[in-house]
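Visitor: Please look closely at one part of this model. I would like to know how its strands pair and which side-chain contacts go with them.

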Amino acid sequence: MNFVSDDGSLYLQRENTMKHLVLAGLCLSMAVTGASAQVNAGEQKSDPSLPFTVTQVTTLNLPWKIAFLPDGRMLITEKVGGMQLVTQQGEKTPVANVPPVLWRGQGGMLGVFLSPHYKKDHSIYLTYSEPGEPSGSSLALARAQLKIDKDAASLEGLQVIWRDGERGDGGQFGAQVAFSLDSKYLYLSVGERQRMTPAQDPNQPLGKILRLTLDGKPAPGNPMAGKTGSPTVPVIDPPEDTEAAKTAPIVRTYTFPGPNLTPSETWVTGLRTPYGLAFAPDGRLWELEHGPRGGDELNLIEPGKNYGWPLVSYGKNYNGVPIPSPDTRPDLAKPVIYWLPVIAPGNLMFYKGAMFPQWNGSAFASGLISKALIRITFDDKGGAQTAERWDMGFRVRDVEVAPDGALWMVEDAKPGRLVRVTPKS
């Protein structure tokens, strides 16, 4: 068995895997014509210079996600486990009572998100790879209250409000959260754990976007609201490719502790590695994900749709086994933009701020293997196109906007930089 993380880091591998990664995107050829053609932004060149100033503030231990508090301080997760409260001057305070994680490959302490009612309840949400029996880990979503004293910070009353429960091997946790614009619901992206076929299984949450209440329950109005799934589901190890996945051996059977609520939680299906999830100012929900060997995708998320993985892709399997093109399946939702070669996205966010007013309404995508920051613009019909692409010189795991409108980024490294982006004077 071998599998590779899409962000360029190796999890399990054979000796020739690095060769496949180096060649990713270079050996691919797509002939997409006519009205059904999607936009390939993979060949976009980086702008020759940066139109802003980048200032390093501090370093952290494999940082993964930034969440800004109203006063401008940041909560920053470290994938190895733990979280820091960081001032804009770089002073760090470890946050106590963070749950244990299994740091391995793409797993660890992942997302941190402020409740839409944070000013009233001081609640935050965490996503992470939760260790457990019989082996491996699974995605967990927890909620806790953030308590900050003069020289200390801690999480109080932490409770896991959702978990996939299957455990086992594989990366690609997804682990992003977006709150509805009315602050009533949360959307949780769940990766398919490099197991491929669960993304098309309505009984498993893997490879889906779930729409939940703020307490982690199925939200009313979902496409399959009120429906329950099979009480048991098969668990497989990550297969060699999408063809091998069809006959992958079952390593064990998982039994849900209660009713299987997956169908009633599900908003959309057929996703691979949903690392970006964000609402545009017009209320549309956008998702950004890693393709396999080529074919990263920006998808407009609409309820009940199937986004095709692992049935179709604009990329290939890492071992070269072809995957049918999305153009062969008009019944499946196509990406609005795809990247071939890949950018290996870290996250997606929409900008709103006073420091760069010309960018209000644009989205930013961070790039890992591409070391890029990419600005994306949108029209009022659900279309999108890339604008600028800047080479930041490091693997950009997350980009977020501060209350004052500055952009902040963290580097996917150990140690990884925390940098502030401001206009050139």
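Guide: Two strands count as paired if DSSP finds at least two bridges between them. Strands (E, at least two residues) and helices (H or I, at least four) are DSSP runs numbered from the N terminus. The model is predicted: local features need pLDDT of at least 70 and side-chain atom pairs count only at pLDDT 80 or more, while totals for chains, interfaces and linings use all residues. Residues are numbered from 1 along each chain as its sequence is written, and side-chain values use heavy atoms, with hydrogens and water left out.

Leu-407 has Val-421 of strand 29 as its bridge partner. In a regular strand the side chains alternate between the two faces of the sheet.

Arg-395 and Asp-412 form one, with the closest N and O atoms 2.8 Å apart. Arg-395 is in the loop between strand 26 (384-391) and strand 27 (396-401), and Asp-412 is in the loop between strand 28 (407-411) and strand 29 (416-423), so that the pair links parts of the chain 17 residues apart. Both Arg-395 and Asp-412 are buried (under 20% relative accessible area; exposed is over 50%, partly exposed in between, with a 1.4 Å probe and protein chains only). Salt bridges also link Lys-65, Asp-398 and Glu-400 in a network. In total, the structure holds 18 salt bridges. For contrast in location, Asp-215, in the loop between strand 15 (208-213) and strand 16 (232-236), and Arg-143, in strand 11 (residues 137-148), form a pair that ties together parts 72 residues apart in sequence.

Strand 5 (residues 63-68) has six of its six residues buried, so it is largely enclosed by the rest of the structure. Strand 5 runs antiparallel to strand 6 (residues 74-78), joined by five bridges, and Ile-66 has Ile-76 of strand 6 as its bridge partner. Five residues lie between the two strands of this hairpin, where Gly-72 takes a positive phi near 95°.

Aromatic contacts come last. Rings of Phe, Tyr and Trp (its six-membered ring) pair if their centres lie within 6.5 Å, with planes under 30 degrees apart counted as stacked, over 60 as edge-to-face and the rest as tilted. The count by this rule is 17 aromatic pairs. Tyr-351 and Phe-356 are edge-to-face because their planes stand at 70°, with the ring centres 6.2 Å apart. Tyr-351 is buried at 1% relative accessibility, and Phe-356 is buried at 2%. Phe-52, Tyr-351, Phe-356, Trp-359, Phe-364 and Trp-390 are linked by ring pairs into a cluster.

Notes. Salt bridge = Lys/Arg side-chain N within 4 Å of Asp/Glu carboxyl O.
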